[in-house]
Amino acid sequence: MVQTMPPSPSSSEFRCTWKLEKQVFQAGCRLVAGCDEAGRGALLGPLYAAAVILDPAKPILGVDDSKKLTPSRRESLFREITEKAIAFKVVSVCAAEVDAINIYEASRQGMIRAVLALVPAPEFVLTDAMPLEVSGQAAGFPIPYRAVVHGDALSVSIAAASILAKVARDTHLRELDRLYPKYGLATNMGYGTAVHLEALAAHGPCAEHRKSYQPVMDCLLPLFPFSETT
């Protein structure tokens, strides 16, 4: 069962609070999960998704949309969230699967896998604008949820999930940078920066590139007869 998305607020109203969670608490649910993803727009590497049930009795100061935070602040909050959360789960969806099912569906599947792996299971889920059921399918998602537009800027639970997904993915991309140093992954995290695009044009894609993304597809044309390189 999905609840209707609330109207999109103006930028001046973007405050990351417990407001949405408290509305769910008032309805009788105590275990509220937030979920989000990181890496949708990247040309290379897995998409990461995370789900987390925060403990209202263990507040964490400074939780906000991961995009608003410095890398060091994200890493500090990552440690605190994983220490204080009732439950959390981070999963990855590899580049090959992203290519096979498309990035939107990969985001959905990643969030679903993360939520369903939580122990204890949540009684309600808040997502960052992503419906967890496919429109028109008879069987809906088994847990009540709300898809919240700009959820990572409004809900502490969704924001915490965004931090977990972002830090986990950045850590993995730094590992990939050692395997594929030509692309500057430790700096661009797989996104299509000028340096990354120049390296892609010069060396072609590697095994971790998303072949369904246009800048990568352009380098797979006969004009660019590259084999996968390290």
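User: What makes E2 and strand E3 count as paired, and in which sense do they run?

Analyst: In this predicted model, six bridges join E2 and E3 (residues 47-53), in the antiparallel sense. Pairing requires at least two bridges, so six bridges meet the requirement. Ala33 has Ile53 as its bridge partner in E3.

User: Which way does E2 run relative to strand E5, and how many bridges join them?

Analyst: E2 and E5 (residues 124-127) run parallel and are joined by four bridges. On E5, Val125 is the bridge partner of Ala33.

User: Why is strand E2 called largely enclosed?

Analyst: Seven of the seven residues in E2 (residues 32-38) are buried, so the rest of the structure largely encloses the strand. Both faces are covered. Val32, Gly34, Asp36 and Ala38 are buried on one side, and Ala33, Cys35 and Glu37 on the other.

User: How do you know that the length of helix H6 agrees with its number of residues?

Analyst: H6 (residues 156-179) has 24 residues, which at 1.5 Å a residue should span 34 Å. The C-alpha atoms at its ends are 35 Å apart, so the two values agree.

User: Is H6 enclosed by the rest of the structure or exposed, and what caps the N-terminal end of H6?

Analyst: Of the 24 residues in H6, 18 are buried, so the helix is largely enclosed by the rest of the structure. The cap at the N-terminal end is Ser155, with a side-chain oxygen 3.2 Å from the backbone nitrogen of Ser157.

User: Why is Asp65 called buried?

Analyst: Its relative accessible area is 6%. Buried means under 20%, so Asp65 qualifies. Asp65 sits in the loop between E3 and helix H2 (71-84). Leaving out residues up to four places away in sequence, Asp65 touches Asp152, Ala153, Ala159 and Ser162.

User: Why is Glu208 called partly exposed?

Analyst: Glu208 has 21% relative accessibility. Glu208 belongs to the loop between helix H8 (194-203) and helix H9 (214-218). Beyond four places in sequence, the contacts of Glu208 are Leu44, Gly45, Pro46, Ala95, Leu176 and Tyr180. Glu208 and Tyr180 are 28 residues apart in sequence, with their C-alpha atoms 9.1 Å apart in space.

User: What is the phi of Asn102, and why does Asn102 count as partly exposed?

Analyst: Asn102 is not a glycine, although its phi is positive, at about 80°. Its relative accessibility is 43%, between the 20% and 50% limits, so Asn102 counts as partly exposed. The residue lies in the loop between helix H3 (95-101) and H4.

User: What is the phi of His150, and why is His150 called partly exposed?

Analyst: His150, not a glycine, has a positive phi of about 60°. A relative accessible area of 33% lies between the 20% and 50% limits, so His150 is partly exposed. His150 is in the loop between strand E6 (145-147) and helix H5 (151-154).

User: What is omega for the peptide bond from Val119 to Pro120?

Analyst: Omega is near 5°, and the bond is cis. Pro120 is in the loop between helix H4 (103-116) and E5.

User: What is the average pLDDT of the protein chain, and where does pLDDT stay under 50?

Analyst: The chain averages a pLDDT of 91, and 88% of the residues score at least 70. Over residues 4-8, pLDDT stays under 50.

Methods
Residues numbered from 1 in each chain as written. Heavy atoms only, no water. pLDDT = per-residue confidence, 0-100. Contact = heavy atoms within 4.5 Å. Buried < 20%, exposed > 50% of the residue type's maximum accessible area, 1.4 Å probe, protein only. Helix = DSSP H or I, 4+ residues; strand = E, 2+ residues; numbered from the N terminus. Expected span 1.5 Å × (residues − 1). Polar contact = N/O pair within 3.5 Å; in protein donor to acceptor, adjacent residues only side chain to side chain.
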